[in-house]
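Me: Please take me through the packing of this protein, one question at a time.

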Amino acid sequence: MNHAASLPFPGHALFVTRIGVCGLAWTAAAICAVQLPEASWGETRERMLLGLSKRHALQPQRGPAAYGAVTSISAVPGFAVQAMAGVQCLLAGVNAQIEPGWAQPSAEAVAAGVLGDMRQDRGQGAVGVLPDLQEIALDEFAVPAFHSRVYAFTRALAPGRTSTYGEVAAALGEAGAARAVGQALGANPFAPIVPCHRVLAAGRAPGGFSGGQGALTKLRMLEIEGGAWGGTQSLFAD
């Protein structure tokens, strides 16, 4: 698909995934926010834009949080299409044939401007291998430095692998900062590109999750990736 260089920036769109309608916002050359499904499409959009407004308030030199709604794939810049397609591929899971109906949005969704399946724009990876999305550029404006370090480490956790808040803290040289890691991931504005669902509480308990239906969404995402919160192999396993 050809995406013109003159497309408007910044912007945002809603798009279908296997777990529901997600949101994504972009600046001139990077993704600045992703939102997992809320109870309604309107709430998904509202929560994402509210988070962006709060970040703009922390950096007023960026100007107002004006992210125009885009309701046609042809009007989305190519890098944002690639990002949405990557999220769709990831959330389709290792058994992408399960629940195939999600890829065809309802007439109501189409009328509301929800974008459909973009996976063909990304191309097919190896069968059964989920994308890690590390190639997607993120605009982390107004993200605290410690949070950014946590996000960078978390992005290295491959689909189906898990860590814990304490393990992440130790790996960052911040032993004893497990709670701070949890707070950083709870404020993550880029899920699932920053896969905070792969970081668990002590003892491999699910822990908290701020997106969607909370811990239930976290567990479903792990299951879709072929992992299980009680028995997924840790990155730090011997």
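**Core packing and buried residues**

Reply: This is a predicted model. Across the whole structure, the search for disulfides finds zero.

Me: Is Cys22 buried or exposed?
Reply: Residues under 20% relative accessible area count as buried. Cys22 has a relative accessibility of 0%, so Cys22 is classed as buried.

Me: Is Cys196 buried or exposed?
Reply: The cut-off for burial is again under 20% relative accessible area. The relative accessibility of Cys196 is 6%, and therefore Cys196 is buried.

Me: Which residues touch the most other members of the largest nonpolar core?
Reply: In soluble globular proteins, nonpolar side chains tend to be buried together. The largest nonpolar core here has 49 residues. Those that touch the most other members are Leu24 and Ile31.

Me: Which element gives the most residues to this core?
Reply: At least two residues of the core come from each of β1 (11-17), β2 (20-26), β3 (31-35), α2 (78-92), α5 (145-155), α6 (165-171), α7 (178-186) and α8 (215-224). Domain 1 (11-112) and domain 2 (145-225) each provide at least three residues. With eight residues, the element that gives the most is α2.

Me: Which backbone oxygen does the side chain of His56 reach?
Reply: His56 belongs to helix α1 (residues 41-58). Its relative accessibility is 7%, so His56 counts as buried. Not counting residues up to four places away in sequence, His56 touches Arg62, Gly63, Pro64, Ala65, Tyr67 and Phe141. At 2.8 Å, the His56 side chain reaches the backbone oxygen of Gly63.

Me: What is the C-alpha to C-alpha distance between Phe190 and Leu36?
Reply: Phe190 sits in the loop between α7 and β6 (199-200), and a relative accessible area of 0% makes Phe190 buried. Neighbours within four places in sequence aside, the contacts of Phe190 include Ile31, Cys32, Ala33, Val34 and Tyr151. Phe190 and Leu36 are 154 residues apart in sequence, whereas their C-alpha to C-alpha distance is 9.0 Å.

How values were computed: Residues numbered from 1 in each chain as written. Predicted model: local features only at pLDDT ≥ 70, side-chain atom pairs only at ≥ 80, totals over all residues. Heavy atoms only, no water. Core = buried A, V, L, I, M, F, W, Y, C linked by side-chain atoms within 4.5 Å. Buried < 20%, exposed > 50% of the residue type's maximum accessible area, 1.4 Å probe, protein only. Helix = DSSP H or I, 4+ residues; strand = E, 2+ residues; numbered from the N terminus. Domains from an automatic or database assignment. Polar contact = N/O pair within 3.5 Å; in protein donor to acceptor, adjacent residues only side chain to side chain. Contact = heavy atoms within 4.5 Å. Disulfide = S-S within 2.5 Å.
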